[in-house]
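Here is a short tour of a protein model for you to follow on screen. Please open the sequence and the structure side by side.

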Amino acid sequence: MNKVIGFIGLGIMGKPMSKNLIKAGHNVVVYDVVQSAVDEVAAFGAKAGKSLKDVAAQADIIITMLPNSPHVRQVMLGIDGVIEGAKPGTLVVDMSSIAPLVARDVAAKLAEKHIRMLDAPVSGGEPKAIDGTLSIMVGGSQDDFDEALPLLKCMGSSAVLVGDVGAGNVTKLANQIIVAVNIAAVSEALTLATKAGVDPQLVFEAIKGGLAGSTVLNAKAPLMFQRKFNPGFRINLHIKDLGNVLETSHEVGVPLPLTASVMEIMQALKVDGHGDADHGALVLHYEKLARTQVVSKE
């Protein structure tokens, strides 16, 4: 008998992720506070759950994809939440990007009811959620990871167990530091080239094969030249992630001066009305300071 997969959270990421599970032939029951999202995925082949508790009661494995730590805590532990509906032995896979210490706390409270948990945040944004090629960073036990892996492979091209519960989100925070600082560095470099009179497109072509080359450079520089700042991954979401980065860094005693600087740049862009733009719009901050625009001369 096929296991029932509960999927809670049908936003920009969760909707295509749940659809990929359905495409793979899984029996999926879904819930979201936005009824239109539930209706869309139900039309795609899912069963619509009546509530969090209802989805949890039906499911053998529960996947959640939620905005931030408070949402995960409420969905998991709140009144009529997952903890009240899930059967003992149920596996919960939280794929939200949240504070690692919250993931550990939620897992501990679920464990008191004999509910298992993995934290499994993702990288790749909406495009990779749609095509099922997310990178998934997982914290939890080996046995639970092995049980969840066939489902994770429906949504991602890679899934790596990086440690105990919470380690998945520590890894995601590290990922978000590297991405944010890298985009900022690309923005600085291309703004400098432009202001100095050199075509930034040619600079990009010249350096992308060397040590300065990166996935971020290859993905974001062409979009900067084309002025394409539709998400992607919104600045507001990256602000949320960097907030979790800095909160965690303060709790464990790790100063992160570069991350803090990029966080303030993102906050400035949010104030300027660019919070819903792709994080590649970091370049707009540097363009504003330098009174220039990073576009190819060709």
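The report below goes from the overall chain to one helix, a few single residues and the salt bridges.

## Ground rules

This is a predicted model, in which local features need pLDDT of at least 70 and side-chain atom pairs count only at pLDDT 80 or more, while totals for chains, interfaces and linings use all residues. Residues are numbered from 1 along each chain as its sequence is written, and side-chain values use heavy atoms, with hydrogens and water left out.

## The chain as a whole

The protein chain has 14 helices and nine strands; these are DSSP runs numbered from the N terminus, with helices being H or I of at least four residues and strands E of at least two. Along the principal axes, the C-alpha atoms fill a box of roughly 65 × 45 × 35 Å.

Of the 298 residues, 50% count as buried (buried is under 20% relative accessible area, exposed over 50%, partly exposed in between, with a 1.4 Å probe and protein chains only). Among contacts with a separation of 6 or more, 67% link residues 24 or more positions apart (a contact is heavy atoms within 4.5 Å).

Look next at α2, residues 35–44, where Ala 37, Val 38 and Val 41 are buried. These residues lie on the same side of α2 because they cover an arc of only 100° around the axis (judged by the directions from the helix axis to the C-beta atoms). Ser 36 and Ala 43, on the other side, are exposed. The buried residues of α2 pack against α1 (14–23), β2 (27–31) and β3 (47–48). Just after the helix, Gly 45 takes a positive phi of about 130°.

What does the side chain of Asp 32 reach? Asp 32 sits in the loop between β2 and α2, and its side chain comes to 2.6 Å from the backbone nitrogen of Leu 10. A polar atom of that side chain also lies 2.7 Å from the backbone nitrogen of Val 34 (polar contacts are pairs of N or O atoms within 3.5 Å; within protein, one must be able to donate a hydrogen and the other to accept it, and residues adjacent in sequence count only if both atoms are side-chain atoms).

Asp 32 is buried yet has no salt bridge, and the nearest side chain of opposite charge, Lys 15, is 8.5 Å away (Lys and Arg count as positive, Asp and Glu as negative; His and the chain ends are not counted).

## Salt bridges

The structure holds 13 salt bridges (a side-chain nitrogen of Lys or Arg within 4 Å of a carboxyl oxygen of Asp or Glu). One of them pairs Glu 40 with Lys 15, the closest N and O atoms being 3.0 Å apart. Glu 40 is in helix α2 and Lys 15 in helix α1, so the pair ties together parts 25 residues apart in sequence.

Arg 227 and Glu 287 form another, with the closest N and O atoms 2.8 Å apart. Arg 227 lies in the loop between α11 (215–226) and α12 (235–252) and Glu 287 in helix α14, so this pair ties together parts 60 residues apart in sequence. Arg 227 is partly exposed at 25% relative accessibility, whereas Glu 287 is buried at 6%.
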